[in-house]
Amino acid sequence: GQPLGPRRLSLTAVPKLPNMEAFLREALVRVKRQARGCLAPELCFQAVRAATERPFAEGVRRERELFLLLLSSGQARALQYAFFAERAVRRWATPGGASWSSAAPQPVRKAAVIGLGTMGQGIVTSLVKANIPLVALEQDLEYLNKGRKAVMFLLEREAKKMEGGAQTLDFHNPARLQFTVDFDLLRDVDLVIEAVFENMALKKEIFHKLSKICKPGALLCTNTSALNIDEIASATSHPEQVIGTHFFSPAHVMRLLEIIYGRHTSPTAIATAMQLAKALKKVGVVVGNCFGFVGNRMMFPYVQQAVFLLEEGSRPEAVDQALEDFGFKIGPFRMSDLAGLDVGWRSRKEQGLTGPSLPAGTPARQRHGQRYSPLPDLLCEQGRFGQKSGKGWYQYEKAGGRTATPDPWLHNFLSQYRDTHRIQTRFIDQEEILERCLFSLINEGFAILAEGIASGPEHLD
């Protein structure tokens, strides 16, 4: 029988905190830093702010205004598109007529990973988290012990994040995770993921060996970022069982898994790789076989434009900032430093674009009649490989450091380079950086669609 009035929360005044202004200012800085380029988090902040400053009814009105603003925004439409695109890629199809509706996966009861470098460590961690028993193989004991240590460290960290901790992962149990240098232990596995570094001869040698040792129905996967799947498959007697599974670094974190079919890959193999992606809680995208597939093929012209911008007068930090303010988590130069500049350098040497196999008399800034920038090659020749060496497009506090700071040495190096090649320096604004980097991404996407490497725009996006 008491009146409800005094108990109605919306009628009570909002208590004032002594440092309200400073607190809100700091919160906004954090929101802007964590969600660069994203509208919604900032407008959520504004709604909370209105609640502290205005009566309840006015605060609710303000929240509604902000909500309607977001509802009709381009970002909302883009996020809805991305949500449905991630689901659309489950329905894959190949030009040969194979598709998700008619192909059934085979069960994967036991897997193997070959190579325990950065990629292999992440892949092993992903498989353990998905509860798939596996064998991890390295070429010799030294590499095996180094790899085991790194994997255990990653798994301990992942276990801490999970509710049941280490018990739920059970990675100390050799029946679930076994380390070895003995190929013979791969006789009964259903699926092998090879994750050695990008060298065609080495990969073919491994696949030839696997073809002899593994059971005929075993799926043979290669974690390659650019190499020809058909050439790798040619080293086996079961090319229909060979498929590309391109994980992105760090493999236990990144949600994308690019699945590449070759000329002979069977529909069952594709379905099994897609089922694996689902088990690993990743978004599997089925694409065709060409140099760089989809992810890296689109990256090449994007990073190339970024480097051309440096030649013409920009700086790595200016290019990165423009793209990060636009909404990319990480700009092209910070990304290159993170991935390691030597990876692309090795690939360009193999393609004969730089290094000893480049024909004498080739113009420095041209390859096959197209514009080319030797800047990344010159950095690698100086031993600047990015974070791993403590210097790349930026400098870091130490080798393996994470904090990128602009490097005066590099600025000086760029101006000497421009002088040498008689390039007129000019001011480059943010708009030009965005247009040149993003349009080159988009144009490459159209080329990939036109060639039928991807079966729809959602797969690219």
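Predicted model: local features only at pLDDT ≥ 70, side-chain atom pairs only at ≥ 80, totals over all residues.
Quick overview before I go into the pairs. We have one chain with 18 helices and 10 strands. Of its 461 residues, 45% are buried. The C-alpha trace spans about 80 × 70 × 45 Å along its principal axes.

Okay, back to the charges. Side chains of opposite charge can pair when their charged atoms come close. Take E324 and R36: they form a salt bridge, with the closest N and O atoms 3.2 Å apart. That pair ties together distant parts of the chain, 288 residues apart, with E324 in helix α12 and R36 in the loop between α1 and α2. Is E324 buried or exposed? E324 counts as buried, because its relative accessibility is 5% and the cut-off is under 20%. R36, at 30%, counts as partly exposed.

Next one: E444 and R297, with 2.8 Å between the closest N and O atoms. Here helix α17 supplies E444 and helix α11 supplies R297, and the two residues are 147 apart in the chain. Both E444 and R297 are buried.

D377 is in helix α15 and R348 in helix α14, 29 residues apart. D377 has a relative accessible area of 2%, so it is buried, and R348, with 18%, is buried too. There's also a network: E311, E312, R365, R371, R426, E432 and R436 are joined by salt bridges that share partners.

Let's move to the strands, and β5 in particular, residues 219-222. β5 pairs with β4 in the parallel sense over 4 bridges, and L191 has L219 as its bridge partner. To get from β4 to β5 the chain goes through helix α8, residues 200-213, and that β-α-β crossover is right-handed. β5 also runs parallel to β6, joined by 3 bridges, with T222 standing opposite G244.

Most residues other than glycine have a negative phi, and most peptide bonds are trans. So where are the exceptions? The S249 to P250 peptide bond is cis, with omega near -10°, and P250 is in the loop between β6 and β7. D170 has a positive phi, near 55°, in the loop between α7 and β3. R422 has one too, near 50°, in the loop between α16 and α17. With a relative accessible area of 76%, R422 is exposed, whereas D170, at 32%, is partly exposed.

L68 belongs to helix α3, residues 56-71, and is partly exposed at 39% relative accessibility.

Last item, the annotation. An unreviewed UniProt entry places "domain: 3-hydroxyacyl-CoA dehydrogenase C-terminal" at residues 292-396. In the model that span is 51% helix and 4% strand, and its end C-alpha atoms lie 29 Å apart.

Definitions and conventions. Residues numbered from 1 in each chain as written. Heavy atoms only, no water. Buried < 20%, exposed > 50% of the residue type's maximum accessible area, 1.4 Å probe, protein only. UniProt positions renumbered as here; feature names shortened; annotations may be inferred. Pairing = 2+ DSSP bridges. Right-handed = clockwise from strand over helix to strand, strands pointing away. Salt bridge = Lys/Arg side-chain N within 4 Å of Asp/Glu carboxyl O.
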